[in-house]
Each structure stands twice: as C-alpha cells, then as structure tokens.
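Subject: Structure for your review

Dear colleague,

Please find the structure below, together with its sequence.

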Amino acid sequence: MRVLLLSPDLDRAVQRADQRDKLGLLYLASALEQENIQVRVLDRHLEQTGDSELREVLLAYRPAAVGVSIVTETVPDAITCAKLVKESLGDIPVVAGGPHPTLAAEDLLAHVKEFDYCVMGEGERAFPELLETLGRGGDVSAVDGLAYRRPDGEVVRTAPRELIPELDDVPFPARDHSAKYSTRDKGLYYFQDRYPGRGPVKMSTCLIVSSRGCPFKCSFCASSVLWRSRWRARSPGNVIAELEQLKRDYGVDMVEISDDAFTLDKARAERICDLMVTRKLDIRWNTHIRVDQVTYDLLKLMRKAGCYYVSYGVESGSQRILDEIVDKKLTVERVVEATRWLDELGYLRHANFMISHPTETREDARKTLELMDRLGGKNNLGITVIYPGTRVEKLARESGLLPEDFTWTRPVESPYTLPSVKQGLPYFVDTLPWKEVCAFLFDWASRQGYTLRGHGLRALKNINSVADLRKALFVLLVYLGRLSRQAFCVRKEKDV
Ligand code: B12
Ligand code: SF4
C-alpha cells in the first residue's frame, strides 16, 4: 500500500520560516514504514508545489490513501488539497490529522465532504490501524481516536485513544522523507532573523521535540486539549541519540527544541545538557521556556551545552490579566528577573506578548508596553487570535464575536483584520477598541524599529474589495493619527 502525507501551504504573510520540520508527518512516516506501508511526504510550502504539480504527483504516485496534516491557519489549503485528491484519484480515503482536526473534527467533516476521517491526537498508532482496518474492509468504529461521517451524514466520534505511554518506543521522525534532508540542502537548515542591537542572526529550521504536552492551561492556547494536560518526556539518552543522528547523518549543527515545556522536569533538562557536554555534541540550539520553570543554574548549564537563544511567553505586563484572564501562573517580577539572568548569561532572547486579551483595558495594554521597555531587546506583540478549543474561543462564541453559524472552513468575515494579512483567523476584540489595538501595535512596532514598508506593500496586494479598502484606510488613519500626535508632542517638548 502507498500513502501520501501532505503538509498544506500557508500564506507567507501569516507565517515565516516554514522550512521548519513538519515533525508530525515525519513521525507518521516512520510509523507507517514500520508497518511496511510505502510513504511519500510532500510539504507544499517547502517544495513550493503548485496545484498542477500536486495533481501530477498524485497521478504518478497513485496513493491508496492520503493524509493531510492541518493547523487552523492551513485549513483553506488543506481543503484545496483534499479536493485535488478526489478530483485526480476518485474516492480514495482522505484523512485529516494534526492540531486542527483534533480540535474541530466535527466542523471539518460537516463542511468538507472531501475529508473522510479525522484522526484526533497522536497519529503513530491510530493512522496505521485505520489504514489496516480500511484495507481489510473492517469496521472503523472500532478504531479509537477517530471522527468520521456515517452514511446518513452524521459525524460521529469513536472512543478516545490512549496516549502513547512510553515516548522512547516511538521511532525517530523519518527525516529522509523531507525534501530538505533528502537533498541535503543545507541552505534550508537555517533562516535569518532580525535581532535588535545584534543585526541578523542565524536560526535553525531543524526541530526536535523531546517531550509532548504541557500541564498549564493558558486562555488562548489549546495545548491542554491537544495533549490532555499531560506532559510526557523522552529519556535524555533517547533525545541525545536523535541529536547525534542529526549531526552524523545530515551534518546539522543547529537545532530548535520545540517542546511546549522543555524544562518542566529540571533534572531531566540538566541531564540532557550534561550529556550534550560530555558527549561533545557541539550543537547550537534554541528553545522555548517558561521563565518560572528555569533557575539561574539551569540556564547557565543550558548555555554551556550550546543553547544560544530562548523565547518565552509573557503575554501581558498587567498582573491582573496574567492572573484573572490568561491564568499564566507567572509574575511580572519573575519575568524581569529571568530576563536579567538571560542577559547576564549572554543569551539572545525574545519575549512574546499579546494585546486585546478579554477584558483588557488601555491601562493593562500600557503596562505591556512598559514591561517591554523594562526588558529591552526583542519583544513580539500579536493580537489575540481566536483558536478552536481555547477559552478565548468559548468567550468569543458567548459574546457573539463568532456568529452562531461560524465555521473554520470558510474565510473569516470580520471587521477586525489587518490589511497585510490575507488568510488570517478572527481576532478577539472586546473591551479595547480596535482603533486602540492598532495604535498600540504601531507603538510596539516603532519601538522595535520595524518600518511599514513591507507591510504596506503587502497590504496593497491584499486589497481585493471595497471592504478590504475600507479596513486598510481605517488602519492607515490610526497610523496617521499616531504620527501627528507624536509630531505634536515633539513640538510641545521643543517649545518647553
Ligand atoms: C514546532 C511548531 C511549529 C513549527 C513547525 C510546524 C508544524 N506544522 O509542525 C513552525 C515554527 C513552522 C510552526 C508554525 C506555526 N504554528 Co506551530 N507549533 C509547533 C509546536 C510547538 C510543535 C509541533 C510538533 O512538532 N509537535 C510534535 C508532533 C509529534 O506533534 P504534531 O505535529 O501535533 O503531530 C502529531 C499529531 O497531531 C498527529 N498528526 C499530525 N498530522 C497528522 C496528519 C495525519 C493524516 C494524521 C493521521 C495524524 C497527524 O500525529 C502526529 C504524531 O503523533 C506546536 C505545539 C505542540 N506542542 O504541538 C505548535 C502548534 C502546532 N503551532 C500552532 C500554530 C498556530 C502555528 C502557526 C499557524 C503560527 C503562525 N501564525 O505562524 C504556524 C503554522 C505553520 C504550519 N504550516 O504548520 C498551533 C496550532 C493550533 C491550531 N489550532 O491548529 C500549535 C498547536 C501551538 C498551540 N499550542 O497553539 N509551528
Ligand atoms: S501557552 Fe505555553 S504554557 Fe500556556 S498552555 Fe500553551 S504551551 Fe502551556
């Protein structure tokens, strides 16, 4: 049996650096190969595969089934992929998997007839079992972790699938199936990122995950639903073996450890670092941390083991928002302290913040900008996006921000859109008016030294209707208003 695994494309305006590994599909490829199923992985973004090229691949490879890995932002292209499969190959099974189908299976299956099944959660065991069941004409209702449409059109779920108890039992991702590794194109192993005060820095596109899940439950994040609030970790030896394989087989010398919570078990993180040092791994790496889950000593050891860059979620400078809304379980003072440690230890770093949290006031948002000023360096600011399966989504539905007939399968009709973003998801906007959200965004962008040139050009390209033009003009007016206020303040200061 031959199976094609697809990663759909995504608008560049929403996402950069998509050369990064689609580990979910590469893990699936390993699992299928273990069952003697022939696999091909196609990352449409990495391989820049247009519709006609995808059709050619389908007709040449003639898979018996196609799996599509989907995050909410890639739903539009995932639908295109599914339609192309059915048009080219007739009624072969098209299976959706990944975060979006895990969080919104019913919505996807009810609206897109080209998808036949959704695998919810980990696919390494469920997908081969589904293919085997289909292959022998068995009853899919016995396959755990699945949603599907019954002949009468009703979408049903099977029993939830047990999480894989021991992650060391999962074979490493089959990287040879990624065009990046099979062509040994080292240019695809890195991307350049801007870093204030240090110019462009090289970042890795080679990912590994050393643990799955996160025990926290932040309001905007669906991790607790995706991984059922369970944190499961691979053993240090198993992680080091994968790093050694990356180095030996692919010449990789820079890696991103893209766990949700790499340092949750500090003793394990220390052991991984110790092994990196004693085995003379000589790999530079970056990761994401929670600043309450690190100590000065652990950061020091990580630095010694090759970690050069960390990102961390702060979300807001307002303690009220962190406690009452996000449930971040983090204090602003801890953020300041850990940032000082990172600077002392010579890390490159960036903190992630959000604006337009539920109930956010102007004062709360101002505290966010103030905290960024205190931290200095690179700080990202994004508008709160409504993702399926989150508390933010629940609030958006309750408040009518998402209409009753809302579906993730159609382009979003929202008055709150940035003109430079083509395929965006809905933003959460309530107490802080949209005008002020945009104004705060401009304040942040100018503090970070961003210019409007790139965004402006993209905005022009994305104007396709009178409604788009109206939204773009609104944002432009906010921008001009901010400029004139700044000019007025400068003149006043000079007068004084
Ligand atoms: C690394 C990472 C990235 C990388 C690589 C993305 C990728 N697609 O793998 C980069 C930096 C490029 C990235 C970008 C983005 N990301 Co990201 N990312 C992650 C992160 C931290 C780890 C992903 C990972 O490798 N997990 C490990 C593997 C084993 O798990 P998995 O990918 O989910 O795959 C398993 C199952 O889902 C399933 N499965 C997956 N695909 C399929 C397909 C089939 C057919 C089947 C049967 C099963 C199946 O089986 C796999 C093995 O068990 C997750 C958070 C998380 N912990 O999952 C966020 C996460 C996936 N990202 C997210 C988002 C929103 C994005 C962006 C849209 C952000 C942006 N605005 O730019 C983009 C979209 C990029 C894209 N095209 O996918 C969200 C998705 C939420 C959602 N509702 O869909 C997540 C869940 C973060 C979060 N907590 O909200 N991301
Ligand atoms: S934002 Fe980070 S800490 Fe919060 S629930 Fe998601 S993965 Fe966990």
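A residue is taken to be near a molecule if its C-beta atom, placed from the backbone, lies within 6 Å of it. Please bear in mind that this is a predicted model.

Ligand 2 is surrounded, on that basis, by C214, F216, K217, C218, C221, S223, S224, D260, R290 and G313. By class, this shell has four nonpolar, three polar and three charged residues.

The shell around ligand 1 contains 39 residues, of which G24, G67, S69, G97 and G123 come nearest. These residues divide into 20 nonpolar, twelve polar and seven charged. At least two residues of the shell are supplied by each of α1 (23–34), β3, β4, α4 (99–111) and α7 (223–226). The largest share, five residues, comes from α1.

Two of the elements that line ligand 1, β3 and β4, also belong to the sheet. The sheet is open and is formed by seven strands in the order β2-β1-β3-β4-β5-β6-β7, with mixed pairing. At its edges stand β2 (38–43) and β7 (155–157); each has a single partner strand, so one side of each is left without a neighbour in the sheet. From one strand to the next, the twist averages 20°.

Within the sheet, strand β3 (residues 65–69) and strand β4 (residues 94–97) run parallel and are joined by four bridges. V66 stands opposite V94 in β4. Helix α5 (residues 126–135) lies across β1 (2–7), β3, β4, β5 (117–119) and β6 (146–149), and runs at about 150° to β5.

A further point concerns a pair of helices. Two packed helices are described by the angle between their axes and the distance between the axes. For helix α9 (residues 266–278) and helix α10 (residues 296–304), the axes come within 9 Å and cross at roughly 25°. Angles under 35 degrees count as roughly parallel, and α9 and α10 are therefore roughly parallel to each other. Their crossing is left-handed. On the α9 side, the contact is made by K266, A269, E270, C273 and V277, and on the α10 side by L298, L301, M302 and K304. This contact has six nonpolar, no polar and three charged residues.

Yours sincerely

How values were computed. Residues are numbered from 1 along each chain as its sequence is written. Chains are lettered from A and ligands numbered from 1 in the order in which they are written. This is a predicted model: local features need pLDDT of at least 70, side-chain atom pairs count only at pLDDT 80 or more; totals for chains, interfaces and linings use all residues. Axes are lines fitted to C-alpha atoms, for helices over the stretch in contact, and angles run from 0 to 180 degrees between N-to-C directions. Angles under 35 degrees count as roughly parallel, over 145 as roughly antiparallel, 65 to 115 as roughly perpendicular and the rest as oblique. A crossing is left-handed if the near helix is turned anticlockwise from the far one by less than a right angle, and right-handed if clockwise. Two residues are in contact if their C-beta atoms, placed from the backbone, lie within 7 Å. Ala, Val, Leu, Ile, Met, Phe, Trp, Tyr, Cys and Pro count as nonpolar, Asp, Glu, Lys and Arg as charged, and the others, Gly among them, as polar. Two strands pair if DSSP finds at least two bridges between them.
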